[in-house]
Amino acid sequence: MAYVAVKGGERAIDAAHDWLARARRGDRSLPEIGTAQIASQLGRAVDRVMAEGSCYDPDLAALAIKQAQGDLIEAAFLLRAYRTTLPRFAHSEPVETDAMLLRRRISAIYKDLPGGQVLGPTYDYTHRLLDFALAAESLEVTPLPLAAASSEDTPRVTALLDQEGLIEPSGVSTEAEPGDLTRDALAFPAERDVRLQSLARGDEGFLLALGYSTQRGYGNNHPFVGEIRVGEVAVELVPPELGFPITIGTITLTECEMVNQFSGSKTEPPQFTRGYGLCFGHSERRAMGMALVDRAMRAEELGENATAPAQDIEFVLSHCDNIEATGFVEHLKLPHYVDFQSELETIRRMRATATAATAATVATETEA
Amino acid sequence: MLGSQAIEARQGWLAVLANAPLAGIEDCIARAAPLPAHTRLRGPEIGLIMVQGRAGGDGAPFNLGEMTVTRCTVRNAQGQIGHAYLAGRDPRRAELVAALDAALQHPTESAEWARTVVAPLAEAQKEARRKVAGEAAATRVDFFTLATMRS
């Protein structure tokens with residue numbers, strides 16, 4: 001079925017967009033919100049848009065949020081569209097999360113561990129009571145307390161397990177060029193590099209729900225949070241004109257390493273397995289969901305029965321991108337007049353045939 | 001070809017300049033000798049780089065997502081060529097950093113540029129990192145064991 005162009009509606013569309021602009025501005029007796037305020041005070045929203053827009057730029061994400069009236073999926077869509085207008089210069093060196101300037105680092109599996117449990121700016125342990133003091137505005141901001149930073153190293157928690165050989169190695173550290181979804185369309189079976197890229201920009205709600213489904217028994221693998229890290233890492237790249245790596249700036253990342261059960265196999269002794277989550281900005285829910293689903297999708301590789309939705313690589317990767325999903329769902333709003341006309345004709349013909357057949361049957365029965 | 005010491009020095013100042021805000025760079029330049037005149041060889045231009053991570057933090061690389069970058073290359077009146085690759089979209093900052101990278105390669109004036117521009121910016125960054133580490137340390141959990149009531 002070809003699409004048929006229909007003309008008309010320009011005036012209505014212009015008026016609708018005018019109204020949208022006025023609705024976006026809201027009550028004019030109130031000050032207009034600035035993108036710098038959004039970037040600075042709605043940081044978690046900005047982080048989500050950067051992750052799902054798959055483009056790290058807090059100022060652009062803040063602009064997209066303002067333009068989309070806070071609709072974060074629409075904002076991610078705007079950011080994805082913008083990135084297609086820019087040339088790709090290079091790729092970075094893989095970021096070194098070991099060298100992160102940590103604002104938060106926790107482990108749910110070891111109480112006392114080198115580097116300690118650092119809570120950072122967390123909502124955990126808050127009472128989830130609305131704080132009406134925030135509605136009053138002009139809050140005094142008290143300076144943060146400082147403590148002497150310890151010079152202690154903060155080793156990766158999985159490295160502690162690895163010392164005893166109790167966890168699988170995190171895979172061969174190949175230097176092969178990883179697959180890139182922005183260059184090559186998704187193809188199955190998808191390898192872990194492409195799966196991780198897809199999950200890192202996947203919809204947070206989808207990752208959360210699928211991760212939750214594994215905990216509820218649909219592909220359970222007994223996860224523990226080995227470690228969560230939030231902080232700043234340097235981004236390095238090797239410009240061809242220089243031939244050596246240089247730092248180009250710093251980005252905020254959240255990393256989650258899940259430690260999961262594994263019973264072993266004929267060739268492998270029993271050992272823990274890994275699920276990995278890494279994302280732009282501060283978003284533990286996203287990183288944890290990603291790590292749970294990453295581990296679930298490794299079912300087949302680890303010799304488990306892949307029966308649950310989260311273990312179905314093709315199902316997960318085909319549906320985790322909310323830009324694609326919203327495009328296909330929301331396109332249903334666009335005119336389908338011709339499509340529907342043919343459906344109408346078909347159903348009228350079918351009904352006419354059915355009615356005629358019924359009438360014929362009734363007539364036969366009456367005669368009998 | 002640069003020796004490893006020269007490469008390390010250049011990596012050092014480029015990292016400091018990459019993490020410095022425009023206002024900070026301009027302040028330092030205002031207090032230093034005037035920058036040699038330069039011509040643009042490329043850019044400043046805005047583009048993207050693909051940021052890579054590693055599975056498990058130390059396994060095989062994967063593409064995490066892109067980030068915006070501004071790059072610029074200049075040649076200054078003294079003949080040095082400077083490069084800048086900076087996170088974000090700021091053509092003015094990229095051009096200044098490229099001009100500074102060129103000036104910092106001057107055989108005799110390099111030390112002076114390092115002292116007047118790079119050192120104060122590096123100190124400010126060190127202080128900022130120290131502050132974050134201190135704030136984080138204040139949220140580090142001190143576990144204690146409750147004394148039992150049994151005699």
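Predicted model: local features only at pLDDT ≥ 70, side-chain atom pairs only at ≥ 80, totals over all residues.
Which hand does the crossing of α2(B) and α3(B) have, left-handed or right-handed?

Residues are numbered from 1 along each chain as its sequence is written, chains are lettered from A and ligands numbered from 1 in the order in which they are written, and side-chain values use heavy atoms, with hydrogens and water left out.

Let me start with helix α3 of chain B, residues 91-103. Helices here are DSSP runs of H or I with at least four residues, strands are runs of E with at least two, and both are numbered from the N terminus. This helix has 13 residues and spans 18 Å from first C-alpha to last, close to the 18 Å expected at 1.5 Å a residue; the expected span is 1.5 Å times one less than the number of residues. Of those 13 residues, 11 are buried, so α3(B) is largely enclosed by the rest of the structure. Buried means under 20% relative accessible area, exposed means over 50%, and partly exposed is in between, with a 1.4 Å probe and protein chains only. The cover over its buried residues includes α1 (4-18), α2 (22-31) and α4 (110-138), along with strands β1 (38-54), β2 (61-76) and β3 (81-87), of chain B.

Now back to my opening question. The crossing of α2(B) and α3(B) is left-handed, meaning that the near helix is turned anticlockwise from the far one by less than a right angle; clockwise would be right-handed. On the α2(B) side, the contact is made by B:Leu22, B:Ile25, B:Glu26 and B:Ile29, and α3(B) brings B:Arg92, B:Arg93, B:Leu96, B:Val97 and B:Leu100. Contact, by the way, means heavy atoms within 4.5 Å. By class, that gives 6 nonpolar, no polar and 3 charged residues. Here Ala, Val, Leu, Ile, Met, Phe, Trp, Tyr, Cys and Pro count as nonpolar, Asp, Glu, Lys and Arg as charged, and the others, Gly among them, as polar. The two axes come within 10 Å and cross at roughly 40 degrees.

Over in chain A, helix α4 (residues 58-67) and helix α5 (residues 72-83) pack at about 130 degrees, with axes 8 Å apart. Axes are lines fitted to C-alpha atoms, for helices over the stretch in contact, and angles run from 0 to 180 degrees between N-to-C directions. This crossing is right-handed. Its contact residues divide into 9 nonpolar, 1 polar and no charged.

One more stop in chain B: B:Ser110 lies in helix α4 and is buried, at 18% relative accessible area. Beyond its neighbours within four places in sequence, B:Ser110 touches B:Trp13, B:Ala103 and B:Leu104.

Finally, some backbone details. Most residues other than glycine have a negative phi, and most peptide bonds are trans. A cis bond joins A:Phe188 and A:Pro189, with omega about 5 degrees, and A:Pro189 sits in the loop between α6 (157-163) and α7 (192-200) of chain A. The bond from B:Gly43 to B:Pro44 is cis too, with omega near 5 degrees, and B:Pro44 lies in strand β1 of chain B. A:Tyr125 has a positive phi, near 70 degrees, and is exposed at 67% relative accessible area. A:His222 has a positive phi near 45 degrees and, at 41% relative accessibility, is partly exposed. Thanks, everyone!
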